[in-house]
Amino acid sequence: EDEDEDEDDEDSYNGNKFSRPIETDDIPQAFSHFTYEHSKGKKLVCDIQGTWNPTDGFLLTDPVVHYVSSSGKRNSNGLTDQGLKGVKRFFETHQCCALCERMGLPSRTANDLIFDPK
């Protein structure tokens, strides 16, 4: 019975229960979402690729950084930087995962962005 209690503790944070366990595959998506929220909607790091190993964690490579410019300028971070269009494209497919939930990130859609210089 003590083992069951320990397992329950792994899925609780500050006494709150979370509905889903965190999966390794959640980390890149949650990281991308976090970068958007942390930059107050100005940047989003996505399309990260890499490998996972239990000793070192993730080795991530080949990021794309979308920068949302008030002037609509794109490519500030290279040819893959699609600005607001790239951010919207990310949030069209992103579904918040357990890690997004645990970090307290708000659920977002392409129509519910922080910074939208229309």
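**From fold to salt bridges**

The protein chain contains four helices and six strands, and in this predicted model their order along the sequence follows the pattern α-β-β-α-β-β-β-β-α-α. Of the 118 residues in the protein chain, 29% are buried. When contacts in the protein chain are counted between residues at least 6 apart in sequence, 51% of them join residues at least 24 apart.

One place to look at the packing of elements is the pair formed by helix 2, which spans residues 26-38, and helix 3, which spans residues 83-93. The axes of helix 2 and helix 3 come within 12 Å and cross at roughly 135°, which makes helix 2 oblique to helix 3, since an angle would have to be over 145 degrees to count as roughly antiparallel. The crossing of these two helices is left-handed. On the side of helix 2, the residues that take part are Gln29, Ser32, His33 and Tyr36, and they meet Val87, Phe90 and Phe91 of helix 3. Sorted by class, the contact of helix 2 with helix 3 is made up of four nonpolar and three polar residues, with no charged residues.

Charged side chains can be followed elsewhere in the model. Side chains of opposite charge can pair when their charged atoms come close. A search of the whole structure finds two salt bridges, and arginine 108 takes part in a salt bridge with glutamate 37, with an N to O distance of 2.6 Å. Because arginine 108 lies in the segment after helix 4 (98-102), whereas glutamate 37 belongs to helix 2, the pair ties together parts that are 71 residues apart in sequence.

Arginine 108 also forms a salt bridge with aspartate 112, where the closest N and O atoms are 3.8 Å apart, a separation that still qualifies because the cut-off for a salt bridge is within 4 Å.

Aspartate 112, by contrast, has 38% relative accessibility and so counts as partly exposed.

Terms used: Residues numbered from 1 in each chain as written. Predicted model: local features only at pLDDT ≥ 70, side-chain atom pairs only at ≥ 80, totals over all residues. Heavy atoms only, no water. Axes fitted to C-alpha atoms, helices over the stretch in contact; angles between N-to-C directions. Parallel < 35°, antiparallel > 145°, perpendicular 65-115°, else oblique. Left-handed = near helix turned anticlockwise from the far one by under 90°. Contact = heavy atoms within 4.5 Å. Nonpolar A, V, L, I, M, F, W, Y, C, P; charged D, E, K, R; others polar. Salt bridge = Lys/Arg side-chain N within 4 Å of Asp/Glu carboxyl O. Buried < 20%, exposed > 50% of the residue type's maximum accessible area, 1.4 Å probe, protein only.
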